[in-house]
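Please open the model in your viewer with the sequence panel beside it, and follow the stops below in order.

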Amino acid sequence: MTRILVTGVAGFIGFHLVRQMLSQGYEVVGVDNLNDYYSVQLKEDRLAQLEGHDHFSFERMDLACRDSVERIFAESSFSQVIHLAAQAGVRYSLTNPHAYVDSNLIGFVNLLEGCRHAGVSHLIYASSSSVYGSNRKTPFSVRDRVDHPISLYAATKKANELMAHTYSHLYGLATTGLRFFTVYGPWGRPDMALYRFTDAIVAGRPIDLYNHGKMRRDFTYVDDIVRGICRLLERDIQQPSLPSKISDPSSDPSSEPASALYKIYNIGNNQPVELEYFVDVLETCLGRKAKRNLLPMQPGDVRETYADIDDLMRDTGFRPSTQIEDGIQSFVDWYLDYYEIAPA
C-alpha cells in the first residue's frame with residue numbers, strides 16, 4: 001500500500017482529495033494546524049468525515065515548527081507528499097503579512113527539507129493563479145512570466161515555486177506545482193466568494209461585487225481539482241518516468257536538468273465566468289434575490305483569471321467536466337443541509 005503525507009488535510013481541497021484517495025486504496029497520513037483563519041468547527045467537521053477510516057491517521061501540527069516536521073518524516077516513510085497547507089487569502093495578506101511568512105515560506109522550506117532527507121520521490125504542492133498578477137494576456141500560460149505579484153500571498157506562492165525549483169536542481173527532488181484557479185464546491189472556505197455570497201443572500205444582506213461585477217474568474221469545481229491531482233499520483237505509480245534522484249548533490253547537478261524533475265501546471269476550468277452571471281446562477285439555485293453592492297477594484301485583485309490547461313491535459317489526460325450551474329447547485333445543496341436551512 002502506498003503511504004502519502006497530505007498537509008492541510010482539514011482544508012477544503014485537502015479534505016476532498018483525501019476522501020477520494022482513501023476510496024482508491026491509498027494510505028494517508030494527514031496533518032493540519034487547525035488555525036482560526038476561518039471556522040475551526042468547519043475544519044473539524046471535515047475531519048470527522050475522514051476519521052475512523054482504517055487507512056487514515058491525523059496529526060495536528062504546525063509546519064512552521066521544524067522539530068515537528070522532522071519528527072513526522074522520521075516516524076513514517078512516505079512515497080509522495082501532497083502539500084496543500086498554506087495561509088490563504090489575498091485581502092488577509094494585506095493586514096496579516098507575518099502569517100504568510102510563517103506558513104507559506106518557513107513551513108514550505110521545512111517540508112522541502114523533510115522530503116529531501118527522507119528520500120521522498122515526489123512532492124506535489126499547491127501554487128495559485130494569483131502568481132500571474134496583473135498579466136493581461138489570456139489565457140494564462142505556465143510559460144508566461146510571473147515576476148510581478150500584486151499581493152503578498154501571490155509573492156509567497158511564487159517563492160514556493162522558486163524554492164521547489166532549487167531543490168529539484170540541487171537534490172534531485174521531483175516537484176510539481178499546481179496553480180489552482182478559484183476552487184469552489186461543497187465544504188468550501190467561508191472566505192471565498194460563493195460561501196460569502198450565499199451567507200449574505202440567505203441573511204438578506206447585500207453582497208459586494210468588485211469592479212462593478214465585471215470581474216471574470218475561472219471557477220473550478222473541487223471534484224475536477226481532485227481528479228487532476230489523482231491523475232498525477234496514478235502517473236507516478238503506473239508509469240514512473242521521473243529521473244532517478246541525484247545520488248551525490250556535490251556532483252554536477254546539470255547532468256540531470258531540473259526541467260526533468262520540476263513541473264508547473266495550471267489546473268482550472270479553462271472557461272472564465274463573469275461575476276454577475278455567477279451571482280445570477282446562485283440566485284436561481286437559492287430561490288432568492290441578491291442585493292448587489294457594486295464597488296470599484298480592490299488592492300491585490302485582478303480583473304480576470306483564465307487557465308491554459310493544455311500541458312496538464314497532455315501529460316495526464318485531465319479535463320474538467322463540471323458546469324458552473326451544476327457546481328453551484330451542489331454547493332447550495334450542501335450549504336442548506338449543513339446549516340439546516342429550509343429551501344426557499
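Which residues are linked with Arg143 in a network of salt bridges? Select Arg143, Asp311, Arg314 and Asp315, since these four residues are the members of that network; a salt bridge here is a side-chain nitrogen of Lys or Arg within 4 Å of a carboxyl oxygen of Asp or Glu.

Before moving on, note that this is a predicted model, in which local features need pLDDT of at least 70 and side-chain atom pairs count only at pLDDT 80 or more, while totals for chains, interfaces and linings use all residues. Residues are numbered from 1 along each chain as its sequence is written, and side-chain values use heavy atoms, with hydrogens and water left out.

**The sheet**

Next, colour the strands and look for an open sheet of seven, whose order is E3-E2-E1-E4-E5-E6-E11 with parallel pairing. Helices (H or I, at least four residues) and strands (E, at least two) are DSSP runs, numbered from the N terminus, and two strands pair if DSSP finds at least two bridges between them. The edge strands are E3 and E11 (262-267), each of which pairs on one side only, and the twist from one strand to the next averages 20°. Axes are lines fitted to C-alpha atoms, for helices over the stretch in contact, and angles run from 0 to 180 degrees between N-to-C directions. Zoom in on E6 (residues 174-180), which is joined to E11 by six bridges, and find Gly177 opposite Ile264 in E11.

**Helices against the strands**

Now show helix H5, which lies across E1, E4 and E5 (122-128) and runs at about 165° to E5.

Then select helix H3 (residues 66-75), where Ser68, Val69, Ile72 and Phe73 are buried, the terms being buried for under 20% relative accessible area, exposed for over 50%, and partly exposed in between (1.4 Å probe, protein chains only). If you look down the axis of H3, the buried residues fall within an arc of 130°, so they line one face of the helix; the arc is that of the directions from the helix axis to the C-beta atoms. These buried residues pack against strands E1 (3-7), E2 (27-32), E3 (56-60) and E4 (80-83), and against helix H5 (97-118), with contact meaning heavy atoms within 4.5 Å. On the other side of H3, Arg66, Asp67, Ala74 and Glu75 are exposed.

**Aromatic rings**

Finally, show the aromatic side chains, among which a search of the whole structure finds 25 aromatic pairs; rings of Phe, Tyr and Trp (its six-membered ring) pair if their centres lie within 6.5 Å, with planes under 30 degrees apart counted as stacked, over 60 as edge-to-face and the rest as tilted. Tyr100 and Tyr153 are edge-to-face, because their ring centres are 6.2 Å apart and their planes are at 75°. Tyr100 lies in H5 and Tyr153 in H6 (residues 152-171), so the pair ties together parts that are 53 residues apart in sequence.
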